[in-house]
Amino acid sequence: MHLVHVVFTVLSLWLRACCVGAISFHLEQNSVKCLKEEIHKNVLVTGEYEVEEQQGLKTDLKVTDSSGHILYSKEDAHKGKFAFTTDDYDIYEMCFQSWLTEGSIRVPDQLITLNTKHGVEAKNYEDIAKVEKLKPMELELRRLEDLSEAIVKDFEYMKQREQEMRDTNESTSARVLYFSIFSMLCLVCLATWQVLYLRRFFKAKKLIE
């Protein structure tokens, strides 16, 4: 039991470091600020945001993928949550856009807080326990299993990226080698042509026999 708690704590800390992101920033009036993140396929993503209210200033929130598909949109956003499941490995973008209402004067920058979670950390295990009627120990083992699977998937992804980079490097090296050989052949052909041309030229001028 103690070992399970230790392993669970270590995995939780590791996953929180890579799967949980909270950020705060100031947004100027009539400006746009976007945050991008690469996320794997079939991953649950949740977000919670809070926009500081300023008189005469409104802020819209839009979440899209690299193709421009809108996953979440909220006009005049103040405070709320959103959730979606990724269809493919892609770069997902969360954009906040502020604009002044008609007749408003310049106002201070808005403070925006955004907290996103994805993967295991985005799951609500309390609801899972209620639905599946899991005991505390069973729930902890379920979460530990999900954490382990998430780590294995991350390592598999890193291994795949490493293989892709290795293939790219090998392909680039082969292309450089072929280009070098081609350049050497071109230089040899050019030098041979120059020698033959000069030989004919000198013969025409009767400088050599």
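How many disulfides does a search of the whole structure find? The search finds one disulfide, a disulfide being a pair of cysteine sulfur atoms within 2.5 Å. This is a predicted model, in which local features need pLDDT of at least 70 and side-chain atom pairs count only at pLDDT 80 or more, while totals for chains, interfaces and linings use all residues. Residues are numbered from 1 along each chain as its sequence is written, and side-chain values use heavy atoms, with hydrogens and water left out.

**The disulfide and the other cysteines**

- A disulfide is a covalent bond between the sulfur atoms of two cysteines.
- Here the bond joins Cys-34 to Cys-95, with an S to S distance of 2.0 Å.
- Cys-34 belongs to strand E2 and Cys-95 to strand E7 (residues 90–100), so the pair, 61 residues apart, links distant parts of the chain. Strands (E, at least two residues) and helices (H or I, at least four) are DSSP runs, numbered from the N terminus.
- The torsion about the S-S bond of Cys-34 and Cys-95 is about 110°, and the disulfide is therefore right-handed.
- Cys-95 counts as buried because its relative accessibility is 16%, whereas Cys-34, at 34%, is partly exposed. Buried means under 20% relative accessible area, exposed means over 50%, and partly exposed lies in between, with a 1.4 Å probe and protein chains only.
- Cys-186 is in no disulfide, and the nearest cysteine sulfur, that of Cys-189, is 6.6 Å away.
- Cys-186 has a relative accessibility of 36% and so counts as partly exposed, while Cys-189, at 52%, counts as exposed.

**The largest pocket**

- The largest pocket holds about 490 Å³ of space. On a 1 Å grid over the protein atoms alone, a pocket is an open set of points where a 1.4 Å probe fits, with protein on both sides within 12 Å along at least five of seven lines; lining residues have an atom within 4 Å of a point. Grid points are joined across faces, edges and corners, and a volume is the space filled by probe spheres set on the points.
- Its lining has 22 residues, and His-40, Val-43, Gly-119, Ala-150 and Asp-154 lie nearest the centre of the pocket.
- Helix H1 (2–19), strand E2 (32–39) and helix H3 (136–204) are the elements that give two or more residues to this lining.
- H3 gives the most, with seven residues.
- By class, the lining of the largest pocket has nine nonpolar, four polar and nine charged residues. Ala, Val, Leu, Ile, Met, Phe, Trp, Tyr, Cys and Pro count as nonpolar, Asp, Glu, Lys and Arg as charged, and the others, Gly among them, as polar.

**The second largest pocket**

- About 250 Å³ of space lies in the second largest pocket.
- Of the 13 residues that line this pocket, Thr-46, Glu-48, Lys-117, Glu-121 and Ala-122 lie nearest its centre.
- Strands E3 (44–51), E6 (79–85) and E8 (110–118) each give two or more residues to the lining of the second largest pocket.
- That lining divides into three nonpolar, five polar and five charged residues.

**Helix H3**

- The 69 residues of H3 should span 102 Å at 1.5 Å a residue, and its end C-alpha atoms are 101 Å apart, which agrees. The expected span of a helix is 1.5 Å times one less than its number of residues.
- Buried residues in H3 include Leu-139, Leu-144, Ala-150 and Asp-154.
- Just after H3, Lys-206 takes a positive phi of about 55°.

**Strand E8**

- His-118 lies in strand E8 and counts as buried because its relative accessibility is 11%.
- The side chain of His-118 makes a polar contact with the side chain of Glu-37 at 3.0 Å. A polar contact is a pair of N or O atoms within 3.5 Å; within protein, one must be able to donate a hydrogen and the other to accept it, and residues adjacent in sequence count only if both atoms are side-chain atoms.
- Thr-116 is also found in strand E8 and is buried, with a relative accessible area of 9%.

**Loop residues with positive phi**

- Asn-42 is not a glycine, yet has a positive phi of about 55°; its place is in the loop between E2 and E3.
- Asp-76, in the loop between strand E5 (70–74) and E6, has a positive phi near 50°.
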